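Me: Could you take a close look at one loop for me, and then tell me how the rest of the chain looks around that part?

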Amino acid sequence: MCGIAGCTGGLSAGAVVIASLKRLEYRGYDSAGITLGGSPLRTVKISGKVCSLERSLGPDDCLATWAIAHTRWATCGAPTAENAHPHLSGDGRISVVHNGIIENFAELREELTGSGHVFLSETDSEVIPHLIEEYYDGDPLRSTASALRRLSGAFGVAAVFERHPETIICASVGSPVVIGLDDGRTFVASDVQALAPYTRRVIRLKDGEIARLTPCGAEIFSLADLRPIRPEISDLPVETSVADKGGFEHFMLKEIMEQPECCSNALKGRLDFDRGTAVLPGLGLSPRELARVSRILIAGCGSSIHAGLAGAYCIEGLAGIPVSVEQASEFRYRNPVLEPETLVIALSQSGETADTVAAVREARSKGAWVTAVCNVEASTIAREADSVIPLRAGPELSVAATKTFTSQLVVLYLLALLAGRNRRLPFETASRLLREAEELPCLIREVLDEAPAIKALAEKYVRAEDMFYIGRGNLYPVALEGALKLKEISYVHAEGYHAAELKHGPIALLDELVPVVALVNPEDEGEKVCGNIRECLARKAPVIAVVAGKDMPDALPVRDIIRVPACSRFLLPAVAAVALQLFAYFFARSRGCSVDQPRNLAKSVTVE
Ligand code: M6R
């Protein structure tokens, strides 16, 4: 959730790490800091965004030849300059940036305080430079390794030493660290996004590895015993360098607009018209193994859960396999029952969400086959699962999930088709579903064409402070997702409810100041949702109806209507979600909110 950047070599390491930090800022942006190499080390920290940090630096700072930096999402201690990284040893000669959580920091801090160390922040991270100082024997690699072996938890770390110019020590335990190689320069970061402008040659540190970086390259060792390890150098895929807004005001709008293309990518090569089925080699199960699956369990968090709930309708509807959707955060704590025939799907855009990582480990330890459905193929979840179905949505930088949500829906639809064909789904039905899937990019384009009308509606309701989103069937998860989008980027209280549930309590909150967004599929419980809308209107709540097709199923006095194209009920969630993404985007933008980097949030949530 935080971002690490470092560089050694060249004449502008300071400028390089600031630029890298900006590319990581989508991960966390409460506060930031940098240590510039030299004697003494110079450390600058601020509360706020990387641009404020940049403004605090002088021209000479950018010319430093080695530097490490950090952008933070506060977990342990408020987002103040004191709690920002880097943190220093007592003598100020060792500087450390840290991602992750140190679970035993309280006891280490007590121990270190007992031996005279003075702490300046409330963070868990600050124990690291003090511990390294305690173990320092003239060898930065050995002393860092000795200190890190004392930590429990998950961490990605980079450290510099005043007495060892142009050397960076970095290590990874349960938190990603990637090294970039270039002629005369070596980089470190917590995410390849940071390295894309500088190099394509990278080494991803494996769990339990530590590295010594100099301008000449990287040496990798086992953290346990400092045994040298031969590095695996890989090439960055080209798309990781795509991190600009492409002329859009925000990444979120760009990513919403990319959805027709993302859906095409998610479908590409996965539709087999001859056999009337979907092709998902990433699932890693033979037809016979798939036929043995008696239950599917989908685990994820946030938007991924909502995609999972919509996916469950498809899988149960087309394949007749019972599906349960689990909050990954609860999964491992309730001792879930997994039979050998249970297929576990870990849904995660980032592939780094700590709760979903833990669910993957729990499921695998119980012998289940775990398939990751993930946008980042080199992520922890993708690496640890038994198999991976990539989303192929391209980097998503706005904190609000948009294109990855619809791509998840597409992949789950394909999985439902495949599993259905593997059972009793007739060829003709499957062929129609395949043709309908092919239409999805066009259907989404039609919704995007409605952007001006949706913007006008968002502006009309921009003063609302509370909103409800309601839907039935597979539009209920879309209501949940629409409400999540609105609240996370506009800070307006929004709740998603099953339309029928409203009258069991929440309806007490409705009045003329509380708009209700109602999702209506005239072909699927349309009359029933209209009944629920009538209940809202009777309480004077303004209603915005998102309707599939041209006509409302019933003559209702609702004037604010967002029309989305009529389509197969299994694809409607993806189509309707796009309308709600646009509504949330324009609503938040009109309120002057920081759309791409909403307060208190981070793109990937790597703590429990
Ligand atoms: O990367 P993941 O899909 O595992 O992330 C899960 C949630 O943190 C994420 O969907 C979050 O809810 C988004 N901010 C929603 O827009």
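Reply: Happy to. Let's start with Asn 335, which sits in the loop between α10 (328-331) and β20 (342-348); helices here are DSSP runs of H or I with at least four residues, strands are runs of E with at least two, and both are numbered from the N terminus. Although Asn 335 is not a glycine, its phi is positive, about 50 degrees. The residue is exposed, with a relative accessible area of 57% (exposed means over 50%, buried under 20%, partly exposed in between, with a 1.4 Å probe and protein chains only).

A word on the basis: this is a predicted model, where local features need pLDDT of at least 70, side-chain atom pairs count only at pLDDT 80 or more, and totals for chains, interfaces and linings use all residues. Residues are numbered from 1 along each chain as its sequence is written, and side-chain values use heavy atoms, leaving out hydrogens and water.

Lys 540 also has a positive phi without being a glycine, at about 70 degrees. Its place is the loop between α17 (526-538) and β26 (543-548), and at 59% relative accessibility Lys 540 counts as exposed.

Two other loops hold cis peptide bonds. One runs from Ser 39 to Pro 40, with omega near 5 degrees, and Pro 40 lies between β2 (31-36) and β3 (42-47). The other joins His 85 and Pro 86, with omega about 0 degrees; Pro 86 belongs to the loop between β4 (66-72) and β5 (87-88).

As for the whole, the chain has 18 helices and 27 strands, and 60% of its 608 residues count as buried.
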